[in-house]
Amino acid sequence: MYAEDKNRYRNCLKRGLDLWAALVLMVGILPFFAVITSIGCFVYRGRVFFLQERIGHRGKIFRIVKFRTMNEQTDHSSVKLPDAERITRWGAFLRRYSLDEIPQMVHVLTGQMSFIGPRPLIPEHVAGCTAEEFRRHEIRPGITGLAQVRGRRNIPFSKRFRYDVWYIEHLGWRLDAFVLRKTFQTILRTES
């Protein structure tokens with residue numbers, strides 16, 4: 001019970017810090033948001049945002065919002081082309097610098113997400129996970145997280161789940177500071 005109370009306190013403290021940081025950052029990024037939205041309107045013919053169902057805190061489903069990075073091109077059978085063929089140069093730029101994640105600040109403000117935590121997954125990726133792996137939903141999902149800075153999409157889901165559970169078991173400001181620092185290092189790295 002002590003561990004549960006400790007996690008509840010940490011979650012509450014983390015929520016307060018997230019809220020204040022999101023409010024301050026929203027003011028600072030408004031010009032970037034306006035520019036990205038304007039360019040996205042031109043590139044994607046007005047369809048700037050991408051919405052998708054994800055699994056959030058305590059397993060609740062919510063609709064995540066991101067800047068769109070792919071077009072809707074289909075083959076002759078009206079089947080969408082593979083992701084690699086649909087990503088635009090603008091979309092690749094947004095993904096490279098994680099700018100497509102900016103709209104998720106709205107989720108931080110509403111309490112659906114945190115700045116740092118396990119990335120919210122689509123329901124299909126969670127369907128076969130074990131009870132231990134499902135622990136990743138004990139806290140709010142994050143815009144960035146430990147699994148993100150340890151390999152992002154280059155590591156298998158089983159390893160991502162292990163990182164997520166480890167993060168929950170070691171939750172604290174030092175770990176969050178480490179993840180934040182590594183996130184900025186990853187974004188600013190010069191190689192593509």
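This is a predicted model: local features need pLDDT of at least 70, side-chain atom pairs count only at pLDDT 80 or more; totals for chains, interfaces and linings use all residues.
Which residues make a nonpolar surface patch of about 380 Å²?

View 1. Val35, Ile39, Phe42 and Val43 make the patch, which covers about 380 Å². Take Ile39 as a way in: this residue sits in helix H1. Its relative accessibility is 32%, so Ile39 counts as partly exposed.

**View 2. The largest nonpolar core.** Here we look at a core of 25 residues. Ile36, Phe67, Val108, Met113, Phe115, Tyr167 and Val179 have the most contacts inside it. Among the elements that give two or more residues to this core are helix H1 (2-43), strand S2 (61-67), helix H7 (157-169) and helix H8 (173-188). Another core, of five residues, lies apart from this one, and its members include Ile55, Leu121, Val126 and Phe161. As a general note, nonpolar side chains in soluble globular proteins tend to be buried together.

**View 3. The surroundings of Val108.** Leaving out residues up to four places away in sequence, Val108 touches Arg15, Asp18 and Ala22, and also Met113, Ser114, Phe115 and Ile143. Two of these partners, Met113 and Phe115, are listed with Val108 among the residues with the most contacts inside the 25-residue core.

**View 4. Phe33 and Phe67, a tilted pair.** The structure holds six aromatic pairs. In this one the ring centres are 5.4 Å apart and the planes meet at 45°, so the pair is tilted. Phe33 belongs to helix H1 and Phe67 to strand S2, so their pairing ties together parts that are 34 residues apart in sequence. Phe33 is partly exposed, at 28% relative accessible area, whereas Phe67 is buried, at 3%.

**View 5. Phe157 and Phe161 along helix H7.** These rings have their centres 6.2 Å apart and their planes at 35°, so this pair is tilted. The two residues are four apart in helix H7, which means that about one helical turn separates them. Phe157 is partly exposed, with 27% relative accessibility, while Phe161 is buried, with 4%.

**View 6. Tyr163 and its contacts.** Tyr163 also has its place in helix H7. With a relative accessible area of 21%, Tyr163 is partly exposed. Neighbours within four places in sequence aside, Tyr163 is in contact with Leu146, Ala147, Arg150 and Ile155. Follow the chain from Tyr163 to Leu146 and you cover 17 residues in sequence, yet their C-alpha atoms are 6.3 Å apart in space.

Note on methods:
Residues are numbered from 1 along each chain as its sequence is written. Side-chain values use heavy atoms; hydrogens and water are left out. A nonpolar core is a set of buried Ala, Val, Leu, Ile, Met, Phe, Trp, Tyr and Cys residues joined through side-chain atoms within 4.5 Å. Buried means under 20% relative accessible area, exposed over 50%, partly exposed in between (1.4 Å probe, protein chains only). Contact means heavy atoms within 4.5 Å. Patches are made of residues with over 30% relative accessible area and no salt bridge: like charges are joined within 9 Å, nonpolar side chains (Val, Leu, Ile, Met, Phe, Trp, Tyr) within 5 Å. Accessible areas come from the Shrake-Rupley method with a 1.4 Å probe; for residues, only the protein chains shown count as cover. A salt bridge is a side-chain nitrogen of Lys or Arg within 4 Å of a carboxyl oxygen of Asp or Glu. Rings of Phe, Tyr and Trp (its six-membered ring) pair if their centres lie within 6.5 Å; planes under 30 degrees apart count as stacked, over 60 as edge-to-face and the rest as tilted.
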